[in-house]
Amino acid sequence: MSSHLVVGIDVGTTKVCTIVGEVRADDIFIVGVGIEPSRGMKKGIVTDITSLSAAIAASVHKAEKTSGFDIKRAFISIAGKDVAGFTSRGSVGLTGNRGVRDEDVERAIENARTIAIPHNKEVLHVIPRAYSLDGQEHVRSPIGMHGFRLDVEVAIITASASSIANLDQTLRAALIEPDRYILNPLASGEAVLTPEEREMGVVIIDIGGGTTDLAIFIEGSVWHSAVIPIGGDLITNDMTHWMKVPFEVAEAVKLQHGHAREKAVGQTESFMVETFGEEGMVRFQRSDIAMVIEARVTELFERVQREIKMSGYDGLLRAGAVITGGCAQLPGMRELAQDVLGMPVRLARPEAMTGMADILRNPSYSTSVGLLRVGLNMDPMEEIAANGNGKGRGLGGWLGGIFKGLLPDEE
Ligand SMILES: Nc1ncnc2c1ncn2[C@@H]1O[C@H](COP(=O)(O)OP(=O)(O)OP(=O)(O)O)[C@@H](O)[C@H]1O
Ligand SMILES: [Mg+2]
């Protein structure tokens with residue numbers, strides 16, 4: 001039985017997590033994990049290549065030790081405030097009286113991709129959203145169907161070329177060749193969304209340390225994505241100012257006493273903390289801390305709400321919202337999200353996979369686990385072919401017929 005390795009590295013603002021998976025007979029077995037605190041990244045953007053590459057190298061090294069494999073290439077998560085999504089259309093004429101073939105679909109997608117992309121942007125993903133044949137819309141899978149003209153509507157996701165170049169350089173300094181860059185919430189979605197949710201319409205909201213990344217899935221594929229530069233670090237920062245304590249102290253208080261809803265916290269709960277200056281130990285009301293957190297989290301979900309409205313798909317999210325990411329664990333987060341967004345909200349963590357360490361069953365690791373699922377959904381033969389003609393690179397590489405996990409289901 002043949003097997004191959006898939007490696008995912010989630011390069012986050014808070015931590016770098018490398019996971020090694022072995023793919024055997026359509027299933028994936030986790031054989032190694034390496035988690036390392038991150039340095040040199042702010043709001044999803046590289047700010048210090050040397051520090052970040054050292055953190056990546058350390059995480060990779062741990063995963064190599066636990067798995068016993070040498071890691072040379074990996075799928076890498078990417079977020080950052082300069083990620084943008086938009087829609088494009090492409091079409092091709094079909095000759096001869098034969099059914100639509102894979103290569104026709106690929107040509108149509110390629111045509112949709114040839115729209116003008118500003119030279120300071122790189123294409124990350126080109127995701128087919130809908131097909132039509134001779135003007136007949138809503139064709140889920142055109143393969144084998146007859147017609148004269150095939151049209152495709154795609155979601156194109158781009159990132160700033162210089163952000164990608166910096167990430168590229170950082171990875172190479174850690175001796176890692178990026179296989180592909182996968183947009184953060186797309187990877188998280190692979191790990192935590194059910195096929196039913198994706199079909200019905202759902203927004204996944206990954207609330208990390210530096211950014212909150214969201215993606216809207218409808219009819220099984222990604223229709224829209226966005227990155228909001230608010231995450232757990234900003235909440236801790238607010239607490240730092242309000243409490244007049246160092247960042248590390250505020251962070252520890254957030255993890256131990258934090259709550260996203262003031263009214264859910266008892267008025268009598270309080271605790272002592274060592275502050276800056278001459279006051280020494282000071283007593284804080286837990287509800288006051290919750291008030292500070294609630295203000296920022298409310299702002300966050302209001303921005304998410306605005307982003308959903310702007311996408312035009314707000315009426316289509318029948319499965320509501322799914323929150324994940326480290327910061328989603330803050331008590332009261334789900335309820336607050338439900339109030340602000342006005343839709344049902346579920347808190348999600350990656351489901352168990354064979355060989356998965358318990359530590360990964362935590363919302364912080366949705367992206368890391370999702371990167372492996374992305375790898376599982378890729379056909380290694382197609383990948384080789386794609387690499388052969390230069391399309392397989394993450395930079396500007398398109399995932400059309402290759403990235404099956406994000407294509408509409410083939411019935
Ligand atoms: N139990 C918890 N309760 C509340 N907040 C938590 C908890 N655990 C982690 N966090 C917060 O989650 C954030 C880190 O989340 P995560 O690990 O998803 O970030 P990341 O992926 O490294 O960052 P990003 O995706 O923004 O680059 C930090 O702000 C941290 O304080
Ligand atoms: Mg993250």
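Select glutamate 197: with a relative accessible area of 11%, this residue is buried (buried is under 20% relative accessible area, exposed over 50%, partly exposed in between, with a 1.4 Å probe and protein chains only). The model is predicted, so local features need pLDDT of at least 70 and side-chain atom pairs count only at pLDDT 80 or more, while totals for chains, interfaces and linings use all residues. Residues are numbered from 1 along each chain as its sequence is written, and side-chain values use heavy atoms, leaving out hydrogens and water.

Glutamate 197 and arginine 346 form a salt bridge, their closest N and O atoms being 2.9 Å apart (a salt bridge is a side-chain nitrogen of Lys or Arg within 4 Å of a carboxyl oxygen of Asp or Glu). Glutamate 197 belongs to helix H5 (residues 195–200) and arginine 346 to strand E18 (residues 345–347), so the pair ties together parts that are 149 residues apart in sequence. Helices (H or I, at least four residues) and strands (E, at least two) are DSSP runs, numbered from the N terminus.

Now show Arg89, Arg129 and Glu153, which are joined into one network by salt bridges that share partners.

Move to arginine 98 and aspartate 104, whose side chains meet in a salt bridge at 2.9 Å, N to O. Arginine 98 counts as partly exposed at 25% relative accessibility, whereas aspartate 104, at 1%, counts as buried.

Finally, select lysine 15 and aspartate 10. Their side chains form a salt bridge at 3.4 Å, N to O, and both residues are buried. The structure holds 23 salt bridges.

Terms used
Chains lettered and ligands numbered in written order.
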